[in-house]
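Have the structure open as you read.

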Amino acid sequence: MTGNLRDVMATTFKDHAQPRTSSTREWRWEDDDFTRDIVEQLQRGEALETRAFLRPIFRWMKHGVHKNGARDAAMIEAAFAFVAWMVQLSTAGDAARGLAAMPELQPSYALNTIVTASQRAGSRVDAERAFRLLLAHGYEPDVFTYTALIDVMSRTGDVSAAMEMYAHMRTTKSRPNIVTFTTLIRAVGFSCTAAPLECLRFLQDARQEERFDESLFWEALDACAQRRSVEAAGAVLRELAGCEGSVARDSERVVRALTQVLREHERAEQDRVLEQWFAVLLVTAEERSRVLSADVSASASAARAAAKMGGFLGEQTSDSVRLAVIEHDITRLAERLRDGVAVSTNDFETLIHQCRKRKWKEGVALTLTAMRRMAETGWAFEASDPGPIDSGDANTSDGSSSTGGTDGSVDSVAVTGRSAAATTNASHPGRQSVPPQPHLRATSKTYVSIVDAYMVCGDEQMAWEAVLEVSQDPALAREPALYRKFIRGAYLLTECAHIAELLAFARADDVALTHRACVELARMHGHVHEEGVRTILERLPPSGVTHERQQALLEELVMSCGFKHNATGVEATLRTMLARGFQRSALTENGVLICCLQQADVAGATATLRHFQRLGLALVVPTYDSLLREMYFKYTRRGGEFDDASRKLALRTLVSRRALLTKLFAEADALAGWRAASGSSDDDSDGGDSDNDQSAASEHSPSATRDVLARVATPSLAHHQRVLTYWCEREVLECAALMFAQHAIELIATIRDKATKAAAQAAVYAALRRTRDPFLFNLRAVASLPLLDLTFRSVGKVAKHMLHVFRDNGVAVAVQAHHAAFCVAQLPRLTVHIFKELDDVVALHASHRAEVLAFCYDALESDNLDKTVGYVVNKAGLYTLATAAYLAPKLAELYVLQEQLTVLQFFKPEVADSAAMRRLFLREVIEVETIADEEAEEAEEVAEDSDSGAQEPHSGDKKPSNDDDQRGDEASGDRKARVVEERTRRRFRLTIKAIVEFKLQHEDEFLPYMLHRPSRRIRTDEELAAAEDPQKEFLRLPLDDSHVVVVDNDDAVALAHEVLMGDGIDALGLDAEWRPDGGSGFVPSKCSILQVACETHVFLFDLLELSLSDVEDLFAHVFSSKAIVKIGFGLDGDIKRLRWSFPDARCFDAFVNVLDFSLDDTSNGTDPRLEEGVFDIAKLKHRRRRSRGLAAYVLDVLGLPLSKAQQRSDWERRPLTPRQIAYAALDAYCLIMLRRALQPAAHEWSERQDAI
């Protein structure tokens, strides 16, 4: 460490002149899950390497700092406190724990771990804190510590500090390497302040340091592209031209970079610049031509991806940089050996694991070669340089070549360190060397890591060669972990080339393979079922292989064959199973159905099912046909053909209904006679119940067969009634009610018009009458719905239809005591969506109030909060002060601890006891938030004490001066002031929000809490109306009021589904409204209204009144549909608010085919506003925005402005005012009008098509 660097730290880290340390007094490492074993081992007298101490630090930092900026202060403080304890152990020991000093312990490694972990997460403050501690304790930062700090400084926008750090790094013993220069050049590219020509300085410095690599040219060109610097790009090209012949030119990268450099210049200027470069041979004729004809937007996207600054070890890191990283780590291990510090094979296995994580198979080879050399010949250094010297000998000790190989093998890269034996001659008297280290020979455990790393890197051949090396070395053993890693990798790669040989080794070693390994063996053979059967029945090691395990593995093989579209494999495996004394099962039935779903359409799927049924390889039950019809109807366009995406959804749904097949197959013996029971006289019966159809399908022409299967695919209502009757007549079976529910789902999913729906309800009722207690059987069917894994909205819809079947047929149901008792017994397995519909009929809240309240209490947290709140609020007999008192503690916890703002909707209705309910809830909120605030403040105080409680300086530390003490006191005082201010700002934040929501801020009980921070006032209706100019003409909605629908009930939801799911919808205008946020210190408001406009209607979805699950399927369909253009203005803001408001909803994850009028990219002669793929919000920061808002844009295009008077009104007030409804409707519909005005030709064509 040079003297001036420590002085520079005071200016580089302006806000942290005094290094913070962590007190060890508050931490009991023997009680921490991460460190308990370390303390116990030390107290038992066991010797531990530094590496063992790094594991908990890595875990703490992994959970403590995140790339999205989130931080867990407790985790971070634990890591720093543990480092302080390591320093104490290394110097003085720990007398309180009976531990002697451990001078061999290296706390500097722990601090380096924190620096690199912080760098990866982009946390500059933690990286700098660890760096300061390195200096405070007299440790020498290495090149990667400096590079990590330079990187995190650059990525947080302080490139000047990064450059300063680099300048002072060059004054130390740590020399910059290719990783450092790559990081610096990328920093220039992403900087707004550093001169682009700085890239040239770093290229020259790299040559001076003898760390130059051709990859730096391409990094420099990418940086010039990011900065659009023609001058710097020309300078880099001149440097490149000077190296012609020694550098392999990457024309693709040259073209991509130069396209971006010149993209903002006129075509004439582009021609001039390229002609100049061509004249002096800086670009080729082909490169010049490609730059002029390049797709600018595509090139920009590629350039951003290539230059993405995700840290110096990102995806775009060159091979030379990667090898430099590994060589550096190997050299550090050699230095430890030179300095007398213990190094074990575990240290090299850690390097192999790092290569595995990064998928650097060349690094695996490099590490293994280094191990061999250190073990056999030792290692050598030059006296003047702690780093490795270039190797002049490319041979290993056994004479085999270590260069010239292929495929990333161990001989495809050279290790830069010399063997000690090659450097002990008199011509190099100043060199230091490490003698051979036999204990570093690769062990069996090392080869497990090597095999695992090669498999993760996708190179099965190299992994197999490693296995063979173990087999050929008598000192090594094939450990069970070796088999597990190889099998796991082969399964993920779907490679079976060496599995038979591996299993031969396993039999010879009599290794008992784990169940997971055996399952993976079965699954990887789905495309080669003969090998799979042979492997399961003949090749597995005998240890632990029973008839039952073979049965399970053959079932897995059948499933795998189905997933891999191997119908022949499914059939052959099932035949083998039956011939060898094994049995069919629910899993084999699932495999058959999976195989059926691989067909393009339902007719093909049904034909495949019939084939297996005729062979006796699948049950002959009507449920299978029902499942297939449902899948094809639900996931294709009205019974059309599957594509890859829809097939995946169908397969996922089928697998999720495994419980249905399990229950069905468990009672398979009682299900015989479906054909006889159903008859075979009707043409529309499916093949499972008609011998005639089966014979017709086998005896007639292919076209006739297709016609028969088509009739099977669309059965009549009479057929559905026979199927339902079949299950009702078998009501004693446990599976009967579940199968009845499955067929009811198919009916509900496939029927659209009201007349057919009424007929279907009549058919269901007629079937139910065949049971002894029709209503109880129907309740059993409804209670079984959770087993079918439906969406929230779907399960509620099905339950409602099934429970209303008696009412719809004019039958009054007399609910008896045993009906209610059955429902109460089913409560633990019901979802709130099902329970709500069930209670509407059975009225459990009246007869079993205590049980219902207990159910709701649990559902608030474990089920759907919105639906649970909506259910209780809308039950007049249940929504009482007593209920509010019972639920208030749970509601307060959800509101405060999870910030579930939906909880406030529970107290919105105006009833007799509304005020009392709200006061009661507020008291609970105050109690919970008080405790939460106190706990948070205590944790912060511990952390602050830990930061300020510096340890006594060690003997080698420099004593701080008086000026340092004064600066430290001032910085500490500033920090404390900021902490106090932050605590004041957030204290009772949620309490205040609730008080304001309930309009209780003037009550004496709650007035004191309002003194902490007043809420931002929302203007009244009168103020809003007065703000609008009555003389000014605004755009008006060209739709009748009846076509503006506020969606806050089931009928409105049904209308929205009918209109928006229609085939004529090709564009939708989207907008969202929420109550103006309360300002600093208040939780942002939840999205209240989502407006969706089409040509004929505007739907205002009331997200406060609706349960989102009621419209989630609709939203998911329209937002992800490629056929529907989604139009918005600043749509990314609306999407972010929707996602924040409903974090568990998946319907807002993907917006496809988006047209955002707020994006203004027309300067290049194109209009790229239409995003046909997924709308990526993260990319919008690179897009140009319009300088004015929607109102101004509407004025420019349509000639009249929008009135924005209602924009900041109270959107959480109910009911909405007419002015709010009109404003919200027009805000969305004007987007349709804009598209129509800007694309008249397309609109006229659409109108002509509609007329036709």
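A salt bridge is a side-chain nitrogen of Lys or Arg within 4 Å of a carboxyl oxygen of Asp or Glu. Keep in mind that this is a predicted model.

Q: Why is the contact between Glu349 and Lys445 called a salt bridge?
A: The N to O distance for Glu349 and Lys445 is 2.5 Å. The cut-off is within 4 Å, so the pair qualifies.

Q: What makes this pair a tie between separate parts of the chain?
A: Glu349 belongs to helix 18 (residues 345-358) and Lys445 to helix 20 (residues 444-456), so the pair ties together parts that are 96 residues apart in sequence.

Q: Is Glu349 buried or exposed, and how do you know?
A: Its relative accessibility is 4%. Buried means under 20%, so Glu349 counts as buried.

Q: Why is Lys445 called partly exposed?
A: Lys445 has 44% relative accessibility. That value falls between the 20% and 50% limits, so the label is partly exposed.

Q: What makes Arg730 buried?
A: Arg730 has a relative accessible area of 15%. This is under 20%, so Arg730 is buried. Its salt-bridge partner is Glu729, which at 42% counts as partly exposed.

Technical notes. Residues numbered from 1 in each chain as written. Predicted model: local features only at pLDDT ≥ 70, side-chain atom pairs only at ≥ 80, totals over all residues. Heavy atoms only, no water. Helix = DSSP H or I, 4+ residues; strand = E, 2+ residues; numbered from the N terminus. Buried < 20%, exposed > 50% of the residue type's maximum accessible area, 1.4 Å probe, protein only.
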